[in-house]
Structure formats: structure tokens, C-alpha cells
Amino acid sequence: MDLKELRRQRRSRFTGSLIPYMGYIIQSGVAMVFLLVLIIFSAWYTSLLRDIPAGIPIRWIMLVLLVPAAVHSSFRTYLQTPDTIFLLPQGHRMKEYFAPSWVSGNVWKILRLAFVLITLWPLYIRTDESHKGLLATLLVLILVKLLASFGLWRETAMLSRPAAIGYNLLRWAVGTLMVAAWVWQPPVRALIFIVILAAAYAAALAVPGRHSVPWERLITMEKNQGTRALMVLGWFVDVPGREQRVYARRYLSRWGGGITWQRNSAYRFLLTKSFARGDIFGIVLRIAVLDLFLVWMNQDSYTGSGIYIFFLFLMGIQLTALRKLHSESFWLTVYPLPEGSKSKGTIQFVFRAHLLLALLTGLPLLLQAGARPLPVLGTLACGALLAYLFKAYSTRKEARTDEDDL
């Protein structure tokens with residue numbers, strides 16, 4: 001059996017399953033939106049480079065943006081559940097199968113890392129007198145990336161799940177320390193620290209026991225990544241067979257507990273619980289945190305208002321994906337939900353969540369309400385209007401869907 005050819009066929013099959021949906025993405029205007037965002041960002045970044053604010057914390061900005069790009073790792077193995085039976089006899093040869101996954105995963109992540117670094121570089125060299133060379137910085141970050149990828153692979157194979165979680169935290173801590181050392185310390189001292197820390201981390205990875213091939217975990221990881229790709233497509237077109245990954249977020253277990261136990265609110269209860277334990281919540285939370293940070297950095301200018309509206313638009317796109325949640329659930333066809341309660345409950349939930357996010361992410365702007373009352377109030381009003389426009393769009397789309405069903 002040619003394991004490399006088997007992986008290539010599976011990758012081609014998965015890619016081919018996504019191609020039919022590309023036309024819908026283009027028709028949705030996402031290419032024009034992306035081009036518009038790119039033009040706006042370029043104009044803003046150019047103006048920032050021409051008039052850089054005094055005291056900008058460039059090293060902290062480098063750390064915040066470069067650490068996720070350098071440490072975050074993932075692999076597409078395209079493993080399937082039957083492989084635990086049919087590929088099990090090939091366990092001693094599975095390195096041939098996994099090698100292309102490791103290489104391709106790192107190549108794409110390194111390209112992303114280089115893009116982030118090159119984008120930041122003009123700002124970095126203008127604000128830090130003791131800046132390092134671009135090539136040297138890129139090589140150090142590639143070293144961190146390869147070490148993090150190796151660490152992720154070892155974590156996946158560990159026998160103990162608590163140990164894997166602990167080593168996951170260790171990987172992020174080690175990567176953060178390496179990037180911070182390079183950004184803050186002189187080159188020679190930073191390199192010595194990085195080499196010593198890398199050796200200690202590699203030695204620590206050799207301690208826990210590991211599976212030769214962690215079949216179940218790799219299959220779960222592949223299923224989650226495939227589901228995430230289908231979820232992105234689901235923003236533009238109905239994709240059959242989509243599954244949502246479930247997270248045990250116990251700190252949100254009481255969310256929705258106050259909803260009245262009635263038929264009219266049954267789906268709102270289900271949607272609240274599903275949102276609290278699903279992928280969309282995590283995505284929206286990360287966008288909101290980044291929005292808060294960037295708006296706080298630009299709270300005294302119209303740039304902060306633009307960033308606020310842009311990220312609120314992104315969060316609205318993510319929240320509207322909740323309309324297609326449970327669209328193929330068998331139990332919703334069995335349970336006697338009142339007619340129209342599913343669409344109505346979803347639209348109300350999305351609108352309220354969007355308004356709440358508009359308020360929370362606009363808090364940094366309120367710090368300037370005394371000095372700039374009209375721009376601040378106007379920006380917050382635009383945020384509320386944007387949430388209402390998303391609600392109106394969802395209402396019209398649900399109405400057209402109902403007419404097509406008739």
C-alpha cells in the first residue's frame with residue numbers, strides 16, 4: 001500500500017468537495033468586501049507610518065501578534081474512523097503517511113508567519129532604535145514555529161490527557177518566552193536563552209509515555225478541522241452534513257437557565273446552550289477581545305471608530321451562522337415547536353447578542369466621551385444601527401426561505 005498516495009487522494013477528494021461551493025462565495029461579494037477591507041487597512045497603516053504616535057508599545061504589539069502566528073500549529077491528516085481497523089496493520093509505516101502532513105502544515109503556517117512579520121516590520125523599524133534584522137528575526141520565528149509543531153505532535157501522542165493539556169500550556173509559555181527574549185534582549189543573549197530553553201523543552205517532551213500512532217485523537221482532530229472548514233462555507237450556502245464541535249464550558253453552564261420552560265422559548269433555550277458550547281462562541285470571543293484591544297489603542301481618533309465598526313461587522317457575520325445551527329436536527333422535526341418560533345427565536349437571540357457585543361466592545365470609546373462626545377455617540381449609534389441591519393437582513397432572508405418552501 002502506497003501511504004503517500006492514499007493521503008494525496010484523500011486530500012484531493014476533500015478539496016474537490018469544497019470547490020462546488022466556491023461560486024457561492026464569489027457571488028456573495030466576499031471578494032469585494034475583502035478587497036475593500038484591504039484598501040482601508042492599507043490606507044490606515046500608511047497614515048500610521050507617516051505619523052506614528054509617541055510611545056507606541058511596539059514590542060508588546062510584536063509579542064501579541066507574533067506569538068499566536070509562531071506557536072499555533074495544526075495538521076491535516078485526513079484520517080477516517082475505519083482507519084483504526086484497515087490501516088492498523090500499517091502502523092509501523094505511518095510515518096510515510098504523516099510526513100507530508102507535517103511538512104505542508106508547517107509550510108503554510110510559516111508563510112502566514114512571514115506575512116505577519118513583514119506587515120509589522122515597517123512600524124517596528126521606525127519605533128524601535130535597537131531593532132534586529134528582518135532575516136534574523138524570521139529565522140528565529142521559524143525555529144519557534146518548528147519547535148511548536150514538534151511539541152504539538154508529541155502532545156497528540158501522549159498517553160495521559162492531563163499531561164497533554166499541561167504540555168499544551170508549556171508549549172505556549174515556551175514560545176512566548178522565546179519571542180519575548182528576541183524582541184527585548186540583545187541578539188546574542190537572546191539566542192543563548194532560546195537555545196537553552198529549546199533544549200530543555202525538547203528534553204521535557206521525551207518524558208511522558210506516548211502512543212506510536214494516536215488513532216482516535218488524530219481522527220477527532222481531523223473531524224474538527226473538516227467541520228471548521230464546512231462551517232466557514234456555511235456562512236454563504238447550506239452545506240449538508242455539518243457538525244458542531246462541543247466544548248464543556250462549565251463556567252457558562254448556567255447561561256440560559258432563567259429562560260421560561262415553555263414551548264415558545266424551547267428553541268431559544270436550545271440555541272443559548274448550543275452557542276455557549278460551540279465553535280462560534282469561541283470565535284466571537286476572540287474577535288471581541290482583539291476589537292477591545294485595538295479600539296483601546298485608538299480610542300482618541302476616528303481610526304478607533306473604524307476598527308470598532310469593522311470588527312462588529314465581523315462578529316455579525318459569525319453570529320448569523322447561528323441561523324443554520326440545528327438545521328438538520330431530527331429532534332426538531334419531532335418536538336412540537338410552534339410554527340416560526342425557530343427563526344424568530346434565532347433572530348432575536350442574534351440581535352441581542354450583537355447589541356451586547358456592540359456595547360461591550362465600545363467601552364474604550366466611552367473613555368473619550370468627555371473630550372469627543374459627538375464622535376463617540378455617533379460611533380456607538382452606528383454600532384447599534386449595524387446590529388439592526390443584520391437583524392433586518394436575517395428577517396428578510398428567513399421570509400424568502402419560507403416563501404420558497406411554500
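A contact here means that heavy atoms lie within 4.5 Å. With that in mind, select the whole protein chain of this predicted model: among its contacts between residues at least 6 apart in sequence, 81% join residues at least 24 apart.

Next, turn to the segments that the unreviewed UniProt entry annotates as "transmembrane region", among them residues 190-207 and 373-390. Select residues 190-207, where the chain is 89% helix and 0% strand and the end C-alpha atoms are 26 Å apart. Then select residues 373-390, a span that is 100% helix and 0% strand, with its end C-alpha atoms 26 Å apart.

For the last stop, select Tyr78, which is found in the loop between α4 (58-71) and α5 (83-86); the UniProt record also includes this position in a transmembrane region, at residues 57-79. Most residues other than glycine have a negative phi. The phi of Tyr78, however, is near 60°, a positive value in a residue other than glycine. Is Tyr78 buried or exposed? Tyr78 counts as buried because its relative accessible area is 10%, and buried means under 20%.

Key. Residues are numbered from 1 along each chain as its sequence is written. This is a predicted model: local features need pLDDT of at least 70, side-chain atom pairs count only at pLDDT 80 or more; totals for chains, interfaces and linings use all residues. Side-chain values use heavy atoms; hydrogens and water are left out. UniProt positions are given in the numbering used here, feature names are shortened, and annotations may be inferred rather than shown by experiment. Helices (H or I, at least four residues) and strands (E, at least two) are DSSP runs, numbered from the N terminus. Buried means under 20% relative accessible area, exposed over 50%, partly exposed in between (1.4 Å probe, protein chains only).
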